[in-house]
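Me: I would like a close look at one part of this model. Keep it brisk, and give me the cut-offs as you go.

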Number of protein chains: 2
Amino acid sequence: MARGAGSAARPDEIRRHNLSLVLAQIHRDGALTRAELTQRLAVSRSTVGSLVGDLTQLGLLQEVVPTGGGGVGRPSHVVVPHRGGPFAVAVDIDVDHMTVAAVGLGGDILAREVLRTGKEPTTPALVAQRIVDAIPLLSRAGCPDARPGGIGVSVPGTVDRRTGRVGVAPNLGWKDAPLGDLLAEIAPRGVPVTVGNDADLAVLAEHQRGSARGCDDVVYLMLRIGVGAGIIIGGTPLLGHDGHAGEIGHNVLDPSGALCHCGKRGCTETYIGGGAMLTLAGRPLPLTEAAVAEVFGDARDGDVRALTAVREVAGQLGRAIAGLLNTLNPQRVLVGGWLSEILEVARAELEAAVVEYALEAPTRTVQLVAPALGKDSALLGAAELAFAEILADPLVAADR
Amino acid sequence: MARGAGSAARPDEIRRHNLSLVLAQIHRDGALTRAELTQRLAVSRSTVGSLVGDLTQLGLLQEVVPTGGGGVGRPSHVVVPHRGGPFAVAVDIDVDHMTVAAVGLGGDILAREVLRTGKEPTTPALVAQRIVDAIPLLSRAGCPDARPGGIGVSVPGTVDRRTGRVGVAPNLGWKDAPLGDLLAEIAPRGVPVTVGNDADLAVLAEHQRGSARGCDDVVYLMLRIGVGAGIIIGGTPLLGHDGHAGEIGHNVLDPSGALCHCGKRGCTETYIGGGAMLTLAGRPLPLTEAAVAEVFGDARDGDVRALTAVREVAGQLGRAIAGLLNTLNPQRVLVGGWLSEILEVARAELEAAVVEYALEAPTRTVQLVAPALGKDSALLGAAELAFAEILADPLVAADR
């Protein structure tokens, strides 16, 4: 609980805080006994009982007897998310498609719809409408007795998280787009809307339940058409003063490099974005996730030009990562997005470039890993955003 | 007070926490009335009275009647740092000299010694000895009745703050130097020793009592021979997993640039370090702070070559800052070290490069400013480090 300097906590504040703690534990770890909760929270057994009781009444948790298992004696009840509890409407907007999912407390994807947006103009208003239209479908498919507890949207662009306004999403052609407001206007009443940057949300989800669990200094590199970084330092998301941190795609790696669509030369995106991979592999446009996946497939199959392209991009990615190691000294770097296979196909080239370009100290300890949540990092991060209000204060759920 | 998930605070913990809060307020703001403390801490007047009483007995604070002022009625007592209280031994190691100072609670420099180290080899053992030798001199000169409460040392290199070990300080010729241990062995008994990176300490001091006060997302660029960044994000120092964050000096700005002493080409340090300035201005070595100051002086006086050099470095500095804006989105960037005058002499060139190379969003809100503490930022940051233990738990001061 964030506390002002020296202010005392009131009893109802403490209760809300403790309800939040219990719900957060179950949300992150899925299933815990009362005894485990008692130990983790370092409070009395009766306090835990009462907190679990309240959260059950709020329709957020339930107690079940696990099936299977070969233990001796009476099986312990475990506390789990309530199946009929609120679900997050999680949305991941990519350039040629968007994924809309119902995600339960605990992070399970209960239903998902993939909506192609390739040929039509993807305006913010259209996107907002399609999200809202998808909600009843998701509900019927995955959680018929539940209601949406929040909408969280991942956007490949800069986002002011306070207003849900997209500053610039170059590869969607959006500039200063009030996505949050458009969505809030047509969303079911009382359902809060939050919007975040894709890399920021991906690192959030991986930190909560993926490859960065238990790791408090982590960078997630989102490599799609554009390039962004989601950063958590000291366990806290690094969003920057206006929420624009991590926009490394247009940092210049070489001022005499190729022309970027932004007008500068040698931007990071021109070296390690999906476009760089296709160009180096001599593949035709359009630039899609499938086309990039094909290059990786061919590289694995021994296609020399594809393999050379992957290795070249891996070397440049190593240079970009080196800059982040020097600047941020993270414990772990996750390589995600369309290019996450690069760690499997060309780890040697990537690591050689990191060693060449980064200082020895941050290189010694860093781990380069793939995101455990695979393509769903940003989607599940959007769900975290959607659940944030309920997790911070479970009593608000009662008012919906 | 950092608190584990759900753990309850014990009464003595709360008391220590509150003592720490009162001391921190006075340390930062210098002089406050009991009424002001009561309001800030949102506790009762009698609690504040008792906390101030304890801190007075510990020899950390005192109450005085301010002289002057034209108010009506009985003048209020104000609480200030105790003049005979513990002082910090603050040390700033630069390449050709080191500054050793006695700094009181509240941040006043009570005495200082500047020790030249130019001609002799500056080994860690020698530096440690000179620091310890200086303590009685400082004490006599500035605070004869006081005792050292801690030693804090600023080093232009990477530091493991847990061990006080210097990983690499290239411009001192140090590698894996156990400065903290060497110093602890010969320091007065019971006086804790801490070592930090110069830019990290500079940003700490500027955040506490300089140009970054009240600003929670800030980067301090330390431009001496080498280049480093001290970063505070969300009010918390960004040190990275091993304490090596902010080492941007060897991030490559141009892979076809000049050869750096590290073996790579086009490192940031070769563009915006003191050496770049002297080379561009056509000045002879050795590379000293005075020589760089002379270039600035000549540039102000209209020397074309000096002015051109300053402008060229300003443009490159703008590029380096642009990368930091994209990555970290700070509210304020402080330009410090030997090159801090660059903001006065060539702000236009610097800002033009920032606008050219950074994204619009983080550029719109950022402020580029000079450090209010001038050349003393790192020194005063070292004092913050030295006081950290007493500030976190004033009762430890009683045991000294």
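What follows is one request and one connected reply. Which helices of chain A have axes that come within 7 Å and cross at roughly 45°?

Reply: First, the ground rules. This is a predicted model, where local features need pLDDT of at least 70, side-chain atom pairs count only at pLDDT 80 or more, and totals for chains, interfaces and linings use all residues. Residues are numbered from 1 along each chain as its sequence is written, chains are lettered from A and ligands numbered from 1 in the order in which they are written, and side-chain values use heavy atoms, without hydrogens and water.

The helices you ask about are H10 (residues 304-328) and H11, both of chain A. Helices (H or I, at least four residues) and strands (E, at least two) are DSSP runs, numbered from the N terminus. Axes are lines fitted to C-alpha atoms, for helices over the stretch in contact, with angles from 0 to 180 degrees between N-to-C directions. The H10(A) and H11(A) axes come within 7 Å and cross at roughly 45°. H10(A) is therefore oblique to H11(A). Under 35 degrees would be roughly parallel, over 145 roughly antiparallel, 65 to 115 roughly perpendicular; the rest is oblique. The crossing is right-handed. This contact has 15 nonpolar, three polar and three charged residues. Ala, Val, Leu, Ile, Met, Phe, Trp, Tyr, Cys and Pro count as nonpolar, Asp, Glu, Lys and Arg as charged, and the others, Gly among them, as polar.

Helix H9 (residues 289-300) of chain A also meets H11(A): the axes come within 10 Å and cross at roughly 65°. A:Phe296, A:Ala299 and A:Arg300 in H9(A) touch A:Ile342, A:Glu344 and A:Val345 in H11(A). That contact has four nonpolar, no polar and two charged residues.

A salt bridge is a side-chain nitrogen of Lys or Arg within 4 Å of a carboxyl oxygen of Asp or Glu. Both partners lie in H11(A) (residues 342-357), four residues apart, about one turn of the helix. A:Glu351 is partly exposed at 33% relative accessibility. A:Arg347 is partly exposed at 30%. Buried means under 20% relative accessible area, exposed over 50%, partly exposed in between (1.4 Å probe, protein chains only).

Other charge pairs lie elsewhere. A:Arg112 and A:Asp376 form a salt bridge of 2.8 Å, N to O. A:Arg112 is in strand E5 (residues 109-116) and A:Asp376 in the loop between strand E15 (367-369) and helix H13 (377-392), so the pair ties together parts of chain A 264 residues apart in sequence. A:Arg112 is partly exposed at 40%. A:Asp376 is buried at 18%. A:Arg28, A:Asp29, A:Arg40 and A:Arg213 are linked in a salt-bridge network. Over all chains, the structure holds 46 salt bridges.

Last, the strand residue. A:Val227 lies in strand E12 (residues 227-233) of chain A. A:Val227 is buried, with a relative accessible area of 6%. Beyond its neighbours within four places in sequence, A:Val227 contacts (heavy atoms within 4.5 Å) A:Met222, A:Ile248, A:Gly249, A:Thr268, A:Glu269, A:Ile272 and A:Gly273.

Conventions
Left-handed = near helix turned anticlockwise from the far one by under 90°.
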